[in-house]
Every structure is written in structure tokens, then in C-alpha cells.
Amino acid sequence: MTWLLAPPEGTPPPAAPGWGSLFGPNWHVLSHATRTGTTIALVPVIWRQLELPNLSQMAISIGAVMAVPVLTGLADADQRAIDQRMLQRAAGCAIGGAIGLMLLALPLTQLLVPWLMAIMAGTFVAMQVQSGRRGISGLGIQAAVALILTLVQGSGPPSSLLPAIDRLVGMFGAIALLVLINLLMGPPVTAGSDLGAGRD
């Protein structure tokens, strides 16, 4: 469907700057990766200790939030980009899950055709948000995923709220863990700063 309906390709995105040395002027990239890796490495520990259901969603959320397309090297700008991704991901999941729960309350969603139409309509609206020009593409993607997880639970009509609840738990758990790690590791490193004294 993407091949058939997607518009022609536009200008390719600029190449990521990368780095030539782990501890050179682009030290901020390694610092960012260290925060991401440390947070993801803690997920199995938390999952084992708290015994919460499906907490593996946390690792996916952490990777998605921290995957900033290109780091600017400006600590404030990079942190704003991460904060925006966190907010959009959490809000999208909450909105999509809430719409899914409202649809589950309708008896019509127990029938195949209304159920399919509800999924199609919700996904269409979410994709319009995702591909719009308002800079909230993450919100649209998460709303669609949460809606589908809530309404599609197997070969029959949806019968449980657990898929949506599991995703919300994983999402907010990931955000809480990211905030904790950022507090412990201090503010992000600025591009061009020295290894030992590169913090704002």
C-alpha cells in the first residue's frame, strides 16, 4: 500500500555528522548513547524486581524516545527534542487507548463490519496527524498503535483491557526511568566540550 499510495520521493535527508573519535569534539554523541544504553540495560532488572506484565515495552519506548534523528550538539535543543518525543509518545498512547476503550464500550464493535470501520477510521485520523505539518508525528503513530492494540486482540472481538494497560504501563515506566537516569547523569554534554568539563 505504501508503494502504491505514497507520494514521489523528495529531497533525501541530510547525512548524520557521525564522529571520528569517541572522545573528540562529538563527545556529546557518545554521552547520548551512554544514557540510552544505561536506561535500556536497567529494563530487565526492573522487570524482574517488580514483576509487572509486559514491561518489555519499556525498552522499545526508550529507544524510540532517544532516537533523535540528528543531535545538534546544543544541550538545550537536544533535550527539548527528547522531551517532545516523550510527550508525544505518552499523549498519543493515552489518546489512542482512550478512544479504543470508548469504542469497546459500544456493542457495535462486537460485529465485524463496524469493528473494521472503527479501526479504519481511527487509523486514518491518526495517520493524518502523523503526516501533518504540525510537528506531532509521534503522537499520531502512538495513537494508531494503541488503538489497534486495544481493538485487535485475536481472532474474535476484543475482550480485555490488558493490552492497552500493558502498553501504558510500559510507556510511563520508560519515561520515568529516562527522567531518573537523566537526573543521575546530569545535564547533556554540549558539542565540542572537553571530556572532563563538558557539562552546562
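**A look into the core**

Mentor: Gladly! Residues 24 or more positions apart account for 66% of the contacts in the chain with a separation of 6 or more. Keep in mind that this is a predicted model. The mean pLDDT of the chain is 77, with 79% of its residues at 70 or more. Among the elements, helix H1 (residues 2-5) has the lowest mean pLDDT, 76, while H5 has the highest, 87. Over residues 195-200 the pLDDT is below 50, although this stretch still has 14 contacts in the model beyond near neighbours in sequence.

Now for the setting. There are seven helices and zero strands in the chain, and 33% of its 200 residues count as buried.

The part you asked about begins with the largest nonpolar core, which has 19 residues. Inside this core, the residues with the most contacts are Ile 62, Ile 82, Met 86, Leu 177 and Leu 178. Two or more residues each are given to the core by helix H2 (27-50), helix H3 (57-66), helix H4 (75-104) and helix H7 (162-185). H7 provides the largest share, six residues.

Leaving aside neighbours within four places in sequence, Leu 177 is in contact with Thr 39, Leu 42, Val 43, Ile 46, Met 58 and Ile 62. Ile 62 also turns up around Thr 36, a residue of helix H2: not counting residues up to four places away in sequence, Thr 36 touches Ile 62 and Met 66. Is Thr 36 buried or exposed? Thr 36 counts as buried because its relative accessibility is 15%, and the cut-off for buried is under 20%.

A second, separate core is worth a visit too: it has seven residues, including Leu 103, Leu 104, Ile 119 and Leu 147. As background, nonpolar side chains tend to be buried together in soluble globular proteins.

Leu 112, Val 113, Leu 116, Met 117 and Met 120 make a nonpolar surface patch of about 520 Å².

Notes: Residues are numbered from 1 along each chain as its sequence is written. This is a predicted model: local features need pLDDT of at least 70, side-chain atom pairs count only at pLDDT 80 or more; totals for chains, interfaces and linings use all residues. Side-chain values use heavy atoms; hydrogens and water are left out. Patches are made of residues with over 30% relative accessible area and no salt bridge: like charges are joined within 9 Å, nonpolar side chains (Val, Leu, Ile, Met, Phe, Trp, Tyr) within 5 Å. Accessible areas come from the Shrake-Rupley method with a 1.4 Å probe; for residues, only the protein chains shown count as cover. A salt bridge is a side-chain nitrogen of Lys or Arg within 4 Å of a carboxyl oxygen of Asp or Glu. A nonpolar core is a set of buried Ala, Val, Leu, Ile, Met, Phe, Trp, Tyr and Cys residues joined through side-chain atoms within 4.5 Å. Buried means under 20% relative accessible area, exposed over 50%, partly exposed in between (1.4 Å probe, protein chains only). Helices (H or I, at least four residues) and strands (E, at least two) are DSSP runs, numbered from the N terminus. Contact means heavy atoms within 4.5 Å. pLDDT is the predictor's confidence in each residue, from 0 to 100.
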